[in-house]
Amino acid sequence: MANNEKMSREEAGRKGGEATSKNHDRDFYQEIGQKGGEATSDNHDKEFYQEIGQKGGEATSDSHGKDFYKEIGEKGGKARNSY
């Protein structure tokens, strides 16, 4: 890249992520994920989680067919029967 060209945000983010992943292990990412989850939990109520859960369910429903739900239902049933 020439000096007069700016790096895109996407490229800068990718490079930063790659550099971070070289310097940190799985435990680091688990720790920051847990901290982020706790902070989110402190800042949002039950309705927030209901709303994002509903949006996620709708998105999954839109992108997967009946076979997807049949397959995961069968897997869940087999897992429950093994107890």
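These legends walk through several views of one predicted protein model.

**Before you start: how the views were prepared.** Because this is a predicted model, local features need pLDDT of at least 70 and side-chain atom pairs count only at pLDDT 80 or more, while totals for chains, interfaces and linings use all residues. Residues are numbered from 1 along each chain as its sequence is written, and side-chain values use heavy atoms, with hydrogens and water left out.

Figure 1. Helices (H or I, at least four residues) and strands (E, at least two) are DSSP runs, numbered from the N terminus. Reading from that end, the elements follow the order α-α-α-α. The radius of gyration, taken over C-alpha atoms, is compared here with a globule rule of 2.2 Å times the number of residues to the power 0.38. For this protein the radius is 20 Å, well over the 12 Å that the rule gives for 83 residues, so the protein is more spread out than a compact globule. Along the principal axes, the C-alpha atoms fill a box of roughly 60 × 30 × 30 Å.

**Figure 2. A view of the surface and of the model's confidence.** Residues are called buried under 20% relative accessible area, exposed over 50%, and partly exposed in between (1.4 Å probe, protein chains only). What share of the 83 residues counts as buried? The share is 0%. Accessible areas come from the Shrake-Rupley method with a 1.4 Å probe; for residues, only the protein chains shown count as cover. The protein exposes about 7,700 Å², and carbon and sulfur atoms supply 49% of that area. Confidence is given as pLDDT, the predictor's score for each residue from 0 to 100. The protein averages a pLDDT of 92, and 95% of the residues score at least 70. Among the elements, helix 2 has the highest mean pLDDT (96), whereas helix 4 (residues 66-81) has the lowest (91).

**Figure 3. Glu-11 and Lys-15 form a salt bridge.** Side chains of opposite charge can pair when their charged atoms come close. A salt bridge here is a side-chain nitrogen of Lys or Arg within 4 Å of a carboxyl oxygen of Asp or Glu. The structure holds five of these bridges. How far apart are the closest N and O atoms of Glu-11 and Lys-15? They are 3.8 Å apart. The two residues are separated by about one helical turn because they sit four residues apart in helix 1 (residues 9-23). Glu-11 is partly exposed at 24% relative accessibility, and Lys-15 is partly exposed at 38%.

**Figure 4. Lys-35 and Glu-31 form a salt bridge in helix 2.** The closest N and O atoms of Lys-35 and Glu-31 are 3.2 Å apart. Both residues lie in helix 2 (residues 26-43), four residues apart, which is about one turn of the helix. Lys-35 is partly exposed, with 49% relative accessibility, and Glu-31 is partly exposed, with 44%.

**Figure 5. Helix 3 holds both partners, Glu-51 and Lys-55, of another salt bridge.** Their closest N and O atoms are 3.2 Å apart. Glu-51 and Lys-55 are four residues apart, about one turn of helix 3 (residues 46-63). Glu-51 counts as partly exposed at 46% relative accessibility.

Figure 6. Rings of Phe, Tyr and Trp (its six-membered ring) pair if their centres lie within 6.5 Å; planes under 30 degrees apart count as stacked, over 60 as edge-to-face and the rest as tilted. By this rule the count comes to three aromatic pairs. In one of them, the rings of Phe-28 and Tyr-29 have centres 5.2 Å apart and planes at 80 degrees, so the pair is edge-to-face. Phe-28 is partly exposed at 26% relative accessibility, and Tyr-29 is partly exposed at 35%. Phe-48 and Tyr-49 also form an edge-to-face pair, with 5.1 Å from centre to centre and 85 degrees between the planes. Phe-48 is partly exposed, with a relative accessible area of 26%, and Tyr-49 is partly exposed at 35%.

**Figure 7. Two distances span parts of the chain.** Ser-21 belongs to helix 1 and is partly exposed at 40% relative accessibility. From C-alpha to C-alpha, Ser-21 and Asp-67 are 36 Å apart in space and 46 residues apart in sequence. Phe-68 is found in helix 4 and is partly exposed, with a relative accessible area of 27%. The C-alpha atoms of Phe-68 and Asn-81 are separated by 20 Å, with the two residues 13 apart along the chain.
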